[in-house]
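Subject: Structure handover

Hello,

Here is the structure you asked about. Please open it alongside this note. My findings follow below it.

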Amino acid sequence: MGDEKVVLLSSWASPFGLRVRIALEEKGIVFEYKEEDMFGTKSPLLLNSNPVHKKIPVLIHNGKPICESLNIVQYIDEVWKGKSPLFPSDSYQKAKARFWADLIDKKIYDICKRIWRSKGENQETAKKELIEIFKLLEGEIADKPYFGGNDFGFVDVALVPFYSRFYALETFGNFSIEAECPKLVAWAKRCMLRESVSKSLPDPQKAYEFVLQVNEVLGIQ
Ligand code: GS8
């Protein structure tokens, strides 16, 4: 695949963009990274590549854009089959992986935003909801190293980017995720031992400052 051209439009802080970056790193794919300014004007390339949602991440493979992070990760796994498969071959296990990734997608980011953007009772409710989902996820990991078993895979890719926001969540919410969900944090630390993850995830303090900046732009105290 020597003459492949792979471009990733993303933002360093985006958990969705990080999924794609981790998948590319896992596969050892050489790609060009283009940073979109989350506080400025969107690039014409982004607007042309994702005219429906106008959001990052977008993967442009040989000129063809692919949108939506989990869709992109599945595409990467299908196209670059050989190295580090992200899905098991068993159809039931595959369906399970898609189920958990879908749950993560539907719930986590929205709850995180409620923790960063609210106070008092609303924030407490959001914290409770986050812990509930994290506990469900802990149940699914059980005693395995990764969600799919011994191999790092799709659900790990879907969830681990949010680990870079744990510090922000704990600081805004004044709670300890590790105290509530030690198994989940142990799993995240295990993922961080992989180069694909550690070189992609931003510094937690920088990610916290990014959230502060977003809140400021939104006029949230
Ligand atoms: C979400 C992408 C997204 O929210 C996916 O790819 O999985 N379901 C999509 N992207 C955000 C940055 S991350 O907060 C984005 O591009 N926002 C710009 C905007 O909303 O205008």
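Start with a salt bridge: arginine 194 pairs with glutamate 26, and the closest N and O atoms are 2.9 Å apart. Arginine 194 sits in the loop between helix H9 (182-192) and helix H10 (195-198), while glutamate 26 belongs to helix H1, so the pair ties together parts that are 168 residues apart in sequence. Side chains of opposite charge can pair when their charged atoms come close. The structure holds 13 salt bridges. Please keep in mind that this is a predicted model.

**Two domains**

The domain assignment gives domain 1 (6-79) and domain 2 (91-218). Their centres, taken over C-alpha atoms, are 20 Å apart. In domain 1, 16 residues are in contact with 27 residues of domain 2. About 2000 Å² is buried between domain 1 and domain 2. Carbon and sulfur atoms give 73% of that area.

Between domain 1 and domain 2 the count is 3 salt bridges. Separately, aspartate 105 forms a salt bridge with arginine 19, with the closest N and O atoms 2.8 Å apart.

Which helices build the domain 1 side? Helix H1 (15-27) and helix H3 (69-79) each supply at least two residues of the side that touches domain 2. H1 gives the largest share, 8 residues. By class, that side of domain 1 has 10 nonpolar, 2 polar and 4 charged residues.

**The ligand site**

- Ser14, Phe16, Met38, Lys42 and Lys55 are among the residues around the ligand.
- Ile56, Pro57, Glu68, Ser69 and Tyr109 are also among the residues around the ligand.

Three of these side chains deserve a look for their polar atoms. Lysine 42 places a polar side-chain atom 2.4 Å from an oxygen atom of the ligand. Tyrosine 109 has a polar side-chain atom 2.9 Å from an oxygen atom of the ligand. With glutamate 68, the ligand atom is a nitrogen, 2.8 Å from an N or O atom in the side chain.

**Backbone points at the site**

Most residues other than glycine have a negative phi, and most peptide bonds are trans.

What is the peptide bond from isoleucine 56 to proline 57, cis or trans? The bond is cis, with omega near 5 degrees. Proline 57 lies in the loop between helix H2 (44-49) and strand E3 (58-61). Both isoleucine 56 and proline 57 are among the residues around the ligand.

Glutamate 68 has a positive phi, near 75 degrees, and is a residue other than glycine. Its place is in the loop between strand E4 (64-67) and H3. H3 is also one of the helices that supply residues to the side of domain 1 touching domain 2.

Best wishes

Definitions and conventions. Residues numbered from 1 in each chain as written. Predicted model: local features only at pLDDT ≥ 70, side-chain atom pairs only at ≥ 80, totals over all residues. Heavy atoms only, no water. Domains from an automatic or database assignment. Contact = heavy atoms within 4.5 Å. Buried area = accessible area lost by both parts, 1.4 Å probe. Salt bridge = Lys/Arg side-chain N within 4 Å of Asp/Glu carboxyl O. Helix = DSSP H or I, 4+ residues; strand = E, 2+ residues; numbered from the N terminus. Nonpolar A, V, L, I, M, F, W, Y, C, P; charged D, E, K, R; others polar. Near = heavy atom within 4 Å. Polar contact = N/O pair within 3.5 Å; in protein donor to acceptor, adjacent residues only side chain to side chain.
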